[in-house]
Amino acid sequence: MEAWVMEENNEDSRLPHYGSPNKFVSLDQLAELGVLYWKLNPNDYENDEELRKIREERGYNYMDLLDLSPEKVENYEEKLKNFYTEHIHQDEEIRYCLEGSGYFDVRDKDDQWIRIWIKAGDLIILPAGIYHRFTLDTSNYVKLMRLFMGEPVWAAYNRPQEDHPVRQEYIKSFAEKKGMALTAH
């Protein structure tokens with residue numbers, strides 16, 4: 001997994017958008033934003049003890065798989081455009097990349113975009129209330145496992161959402177936990 005401060009421009013969202021000079025972002029810096037990460041074995045996810053443990057400890061009892069590519073998704077361009085619209089969720093967003101690759105962009109404390117490039121084996125958890133978006137990279141393909149606590153809630157709240165209770169809780173939590181280590185690697 002790689003992450004960096006993203007250069008904002010109007011070029012194709014599937015390009016890396018490295019800054020000049022490029023500023024990489026560490027796992028510890030992501031953890032300060034509440035973003036958690038694990039590297040797992042995508043070739044044996046059905047029998048992966050570490051994945052089972054994560055799911056059990058965090059209460060993720062619902063799982064589905066999403067194949068995202070022009071050939072596999074109806075209204076592909078429209079779906080990708082929706083995923084790339086900046087939004088928050090009331091719950092964590094948990095995604096485990098089994099094949100392919102893509103980008104999650106999250107806002108840092110200075111409201112800059114941090115681009116997180118996920119590839120096969122990367123499991124990422126975005127906290128409820130963080131502004132984010134998703135797009136594929138130029139491979140135009142990703143297979144993701146989506147995990148949820150209970151039945152999935154698909155509601156996205158597009159920015160601005162500063163008064164939304166989950167956004168307020170994220171801001172409060174972020175301010176109180178800044179610098180505190182979180183259990184991920």
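Visitor: Is strand β6 mostly covered or mostly open?
Guide: Mostly covered. This is a predicted model, and in it six of the seven residues of β6 (residues 113–119) are buried.

Visitor: Which way does β1 run against β6?
Guide: Antiparallel. Four bridges join β1 (residues 2–5) to β6. Trp4 stands opposite Arg115 there.

Visitor: And how many bridges between β5 and β6?
Guide: Seven, again in the antiparallel sense, with β5 covering residues 93–107. Arg107 has Trp113 of β6 as its bridge partner.

Visitor: What sits between those two strands in the hairpin?
Guide: Five residues. Asp111 takes a positive phi near 70° in that hairpin.

Visitor: New topic. Where does UniProt put the "binding site"?
Guide: The unreviewed entry places that feature at His87, His89, Glu93 and His132. They span 46 residues in sequence, but no two of their C-alpha atoms are more than 11.5 Å apart, so they gather at one spot. The lining of the largest pocket includes His87, His89, Glu93 and His132.

Visitor: Is Glu93 buried or exposed?
Guide: Buried, because its relative accessible area is 10%, under the 20% cut-off. Glu93 lies in β5. Its side chain makes a polar contact with the side chain of His89, at 2.8 Å.

Visitor: What about His132, buried or exposed?
Guide: Buried, at 2% relative accessibility. His132 is in strand β8 (residues 132–136).

Visitor: Which side chain does His132 make a polar contact with?
Guide: The side chain of Glu93, at 2.8 Å. His132 also touches other residues, including Trp113, Asp105 and Leu126.

Note on methods:
Residues are numbered from 1 along each chain as its sequence is written. This is a predicted model: local features need pLDDT of at least 70, side-chain atom pairs count only at pLDDT 80 or more; totals for chains, interfaces and linings use all residues. Side-chain values use heavy atoms; hydrogens and water are left out. Buried means under 20% relative accessible area, exposed over 50%, partly exposed in between (1.4 Å probe, protein chains only). Two strands pair if DSSP finds at least two bridges between them. UniProt positions are given in the numbering used here, feature names are shortened, and annotations may be inferred rather than shown by experiment. On a 1 Å grid over the protein atoms alone, a cavity is a set of points where a 1.4 Å probe fits but cannot get out, and a pocket is an open set with protein on both sides within 12 Å along at least five of seven lines; lining residues have an atom within 4 Å of a point. A polar contact is a pair of N or O atoms within 3.5 Å; within protein, one must be able to donate a hydrogen and the other to accept it, and residues adjacent in sequence count only if both atoms are side-chain atoms. Contact means heavy atoms within 4.5 Å. Lists of a residue's contacts leave out its neighbours within four places in sequence.
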